[in-house]
Amino acid sequence: MQSVRIGAGLGFYGDNWEPVAASIDRGGVQFIASDHLAELTLAILQKDRQRDPDLGYARDLVPMLLRLWPLMRERGVRFVCNAGGLNPAGAAQALLAAFEAKGWRARVAVVGGDDVLPQLMQADVSATDFPHLFTGEPVAGVRERLVFANAYLGAAPIVRALDGGAEIVITGRVADAALFLGPIVHSLGWTLAGATTSRDLDRLAQGLTVGHLLECSGQGSGGNFGSQEAWQRIPDLAHIGYPIAEVYQDGTALITKAPDTGGRVNFDTVRQQLLYEVHNPHAYHSPDVVLDMGAVTLHDEGHDRVRLTGARGQPPSEQLKVVAGFRDGFKAEVTWGFSWPDAWDKAQAAQATVRSMLREKRIPHDELFVEYPGLNSAHGALAPLPEPAALKGLNEVWTRMVLRTPVKAAAEGFGRLFPWLALSGPAYTCGFNGLHNTSELLGIWPTLVPRADVEAGVTVQFVGESE
């Protein structure tokens, strides 16, 4: 039966690409699909673009492909990624310039059209258009502060790019799993646009599930494994192998990894990733298909091989999700440590002093957030503080204070409230970190847009030529 073998690339901007090299070198893959865009990554890229309009893409793309391209070229492996972020064309130009300096050539496809900010900013947009996906608030409250808005595209433009012979496909914001579904549809000839039969929709659902299992790099092969005590039995995380999927014509898939790599692919590691970031397992929405995981079966065949069957699909909706970002004030943060004796009481006294100064100096702020690293910063309200007697006996207490303010000058001045307390505050201060740590905040605005309005403007542009 015809099949295609696809390997996981990065799971976020800044992830490790050495396991990708292992998949190319000895994993028998034909494609790598690499996800560089976590939900908030576009906010990071927007800040880059504010400093330099030629940026706005994930800058790990160039060094990663300088490392991987010789391996890929030798084996005919093709690469799909969303590292284009807010500037896919800029990413392609930077990559081709780096390749040219090495004397390399590649046929690159750039997928555009996910930028929908102009639609949200149109003069005839009413106050009730583009409400917040979770709160229902109208966009009017943030509209003048919007700085980007990008729709999650599906697999169709990736298929077009691969059909056109692209060796490297660079997109902006697409649905994570679509990075994988595109090569699967291209290779196996599945029906994508206008799929209506249960056979076609179920195969797409299987492909979507594969993409979901591979989109988080090592998390799909035992990394970040949270099962108490069982995580210690995941071998050699220092040399983890990212998951690989062999997908067959009927949609059946085998999840595995490259030989002689660390990590583990088994029933437990795969099922953990299956439910990761899933709100409703019976209606997991994507631009290409709505996935019902209710009948999914994971059969552990041993030796880092898990067979996937049973995904069911329904037609996608007529709307696409959008992630938009808006200017949302500024923050400044300082971490301050205190040592025995009475470390906890000193931390409370210091916090009260800071609040008093904020009040007396009338420093405008929306919030002073306080947490205690080592006590409650990981789990927040789910981590109740120790009893008073235990707090009293602590050897050291670190306090993280974060000021949130609409005024940049207030954020920049926050750190100046602290230095004098080194000699005039509670005794045995361990030190301050972050006295000059100020940054602009970007809020996230999820909403929906009509699919037809977006897809009419999607483009696939080819640049560069094959060797």
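By class, 12 nonpolar, 4 polar and 5 charged residues make up the lining of the second largest pocket. The model is predicted. The second largest pocket has a volume of about 350 Å³. The largest pocket holds about 1300 Å³ of space.

**Second largest pocket: residues and elements**

- In the second largest pocket, 21 residues form the lining.
- Nearest its centre lie Ala 156, Ala 193, Pro 287, Arg 451 and Glu 455.
- Helix H6 supplies the largest share of the lining, 3 residues.

**Largest pocket: volume and central residues**

- The volume of the largest pocket is about 1300 Å³.
- Its lining counts 40 residues.
- Closest to the centre of the largest pocket are Glu 39, Glu 277, Tyr 284, His 285 and Lys 321.

**Largest pocket: contributing elements**

- Strand S9 (284-285) and strand S14 (319-339) are the elements that give two or more residues to the lining of the largest pocket.
- Strand S14 gives the most, with 3 residues.

**Largest pocket: residue classes**

- The lining of the largest pocket includes 19 nonpolar residues.

Notes:
Residues numbered from 1 in each chain as written. Predicted model: local features only at pLDDT ≥ 70, side-chain atom pairs only at ≥ 80, totals over all residues. Heavy atoms only, no water. 1 Å grid on protein atoms, 1.4 Å probe; cavity = no way out; pocket = protein on both sides within 12 Å on 5 of 7 lines; lining within 4 Å. Points joined across faces, edges and corners; volume = space filled by probe spheres on them. Helix = DSSP H or I, 4+ residues; strand = E, 2+ residues; numbered from the N terminus. Nonpolar A, V, L, I, M, F, W, Y, C, P; charged D, E, K, R; others polar.
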